[in-house]
Amino acid sequence: MNKNKTNPSVRHLVIRSSAWVFGGQVGGQVLRLASNLIMTRLLVPDMFGVMAVANTLIVGLQLCSYLGVQHNIIQSSRGDERIFLDTAWVLQILRGLLIWLAALSLSGVLYFSNQAGLVPVGSAYADSSLPAIIAALSFTALISGFESTKLASASRHMAVGKLTMIELGVQVLSLLTMISFALVKQSIWALVIGALVGAVAKTLISHLLLPGTSNQFAWESRAFKELFGFGKWILLTTIMGYFVRSSDKLILAGLISSQLLGIYTIAIFITNAFQEIMSRWASSVAYPVLSRVHRERPAELIKVYYKFRLPFDALTLFLCGFLINAGYIITEVLYDSRYESAGHMIGILAIWLIGSSTILAEQCYLALGKSKLSVPMNVIQLIAMFGLLIPAYRFFGMDGALYVIALAILFTLPLTWYFMKRLGLLDWKHELIALPALLAGYGFSKLFVMAYESIKAGI
């Protein structure tokens, strides 16, 4: 009895952690939505287009140098050793410094390229404020490099509640900062200052409010070798994953205006809100549990994997069916007429959710220590994005580009099934059991649209 009280079962951990993750993610998305709604009324669409480009580039530098330190702390048998954690912290600081310097260099290159007339006129890259925005945002990477490894340790021990409260608290502070600044001065710098305040707050909280031993400067070669050995495949996967997720903005920024890119950013914000909730649940709940099951009861891994897959697939497929037909209502209700075309974009981008089961498959690869299996999946999506996006835009306009963005993930499904079969983790019955949720979501959306249009006609 005592043992059960001090060591909660996997089932109890999953239920408790899932509740925190979903509650936190829903709360986080509500805060982001509130921020988005307020800021879109205080700022013009062009500013969101410029900020989208700047954020994409900064995040790109962060992800292209990511060694999976947090994942390794969660997965490694040495994840609770002080020297291991301190070595990881020093490595994290060095990475933050390099990202900051690289971002400043990128800012300078973009500034002089604009001065020399090398950037397409009228594109988002040609905005005169972009280099300064990138330079200022680069400090978030430098600050975040000093975050305590207590955050990763909390994830290792599934202290999801504490992490969720930290994330929400930082979001609230960042949101209040942005709104306060924007009310005084309706400038894009409100978004930048909010991001900087959020980075400082999270770093301070990670050191001061989480339990555990404080980090100090230390280095162990054996720990570094393990961190780098584990992270090299995650690095390659993350770099490719970044380009898969961000190539849309990187490419479109050179094809369309800041205003249209800003409207697209609203559409992708809405669809990503649902994706992020499921992705966070997969990484915060499914990954630690799958790692634990693989270490302790490997024969049960397929059973546990599909226990996660059923609710994951049912929800994402239902949302897909609903948004394809009724996504436009979201922008009609929440945003003003300047963002009306974002509703049509949501209906196309929602198709991406059909292939979202690959998110859980990738968590399985990580749990098994086979992160390299994600590489070819990302290669396929990169080929689709970089090979098809520009031609699709040239011949079919923005809709053509949107369909390429939405469908790219579907090309990876056959390879995912092949890898999972090789690992002994493929069950076709469980793969297909949630498909009716797609039709259910679409059918529900028909009724929802009829009700909405009737109410709108009667007003």
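## A helix that falls short

Helix α12 covers residues 301–334, and although it has 34 residues, its end C-alpha atoms are only 43 Å apart, short of the 50 Å that a straight helix would reach at 1.5 Å a residue. Look at Asn 325, where α12 bends by about 65 degrees. Please keep in mind that this is a predicted model.

- Just after α5 comes Gly 117, which takes a positive phi of about 75 degrees.

**The overall picture**

- The protein has 18 helices and 0 strands.
- Of its 459 residues, 53% are buried.
- If you take contacts between residues at least 6 apart in sequence, 85% of them join residues at least 24 apart.
- The accessible surface comes to about 20800 Å², and carbon and sulfur atoms account for 68% of that surface.

**Nonpolar cores**

- The largest nonpolar core has 104 residues, and the members that touch the most other members are Tyr 264, Leu 290 and Phe 308.
- Helix α11 (residues 258–296) gives the most to this core, contributing 18 residues.
- There is also a second, separate core of 9 residues, which includes Val 69, Ala 88, Leu 91 and Ala 223.

**Cysteines**

- How many disulfides does the count come to? The count comes to 0 disulfides, taking a pair of cysteine sulfur atoms within 2.5 Å as the rule.
- As a reminder, a disulfide is a covalent bond between the sulfur atoms of two cysteines.
- Cys 320 has a relative accessible area of 0%, so this residue counts as buried, the cut-off being under 20%.
- Cys 364 is likewise buried, because its relative accessible area is 0%.

**Ser 138, a buried position**

- You will find Ser 138 in helix α6, which runs over residues 130–144.
- Is Ser 138 buried or exposed? With a relative accessible area of 1%, Ser 138 is buried.
- Leaving aside residues up to four places away in sequence, Ser 138 touches Ile 58, Trp 100, Ala 103 and Leu 104.
- Ser 138 and Leu 97 are 41 residues apart along the chain, and their C-alpha atoms are separated by 9.7 Å.

- Ala 34 sits in helix α2 (residues 10–42).
- The relative accessible area of Ala 34 is 28%, which means that it is partly exposed, since that class lies between 20% and 50%.
- From Ala 34 to Leu 175 there are 141 residues in sequence, but 8.7 Å in space, C-alpha to C-alpha.
- Phe 318 brings us back to helix α12, where this residue is found.
- At 29% relative accessibility, Phe 318 counts as partly exposed.
- Which residues does Phe 318 touch, not counting residues up to four places away in sequence? They are Ala 437, Leu 438, Ala 440, Gly 441 and Phe 444.
- Leu 439 lies 121 residues from Phe 318 along the chain, and the C-alpha atoms of the two are separated by 7.4 Å.

How values were computed
Residues numbered from 1 in each chain as written. Predicted model: local features only at pLDDT ≥ 70, side-chain atom pairs only at ≥ 80, totals over all residues. Heavy atoms only, no water. Helix = DSSP H or I, 4+ residues; strand = E, 2+ residues; numbered from the N terminus. Buried < 20%, exposed > 50% of the residue type's maximum accessible area, 1.4 Å probe, protein only. Contact = heavy atoms within 4.5 Å. Areas by Shrake-Rupley, 256 points an atom, 1.4 Å probe, with all protein chains shown as cover. Core = buried A, V, L, I, M, F, W, Y, C linked by side-chain atoms within 4.5 Å. Expected span 1.5 Å × (residues − 1). Bend = angle between axes of the 7 residues up to and from the residue.
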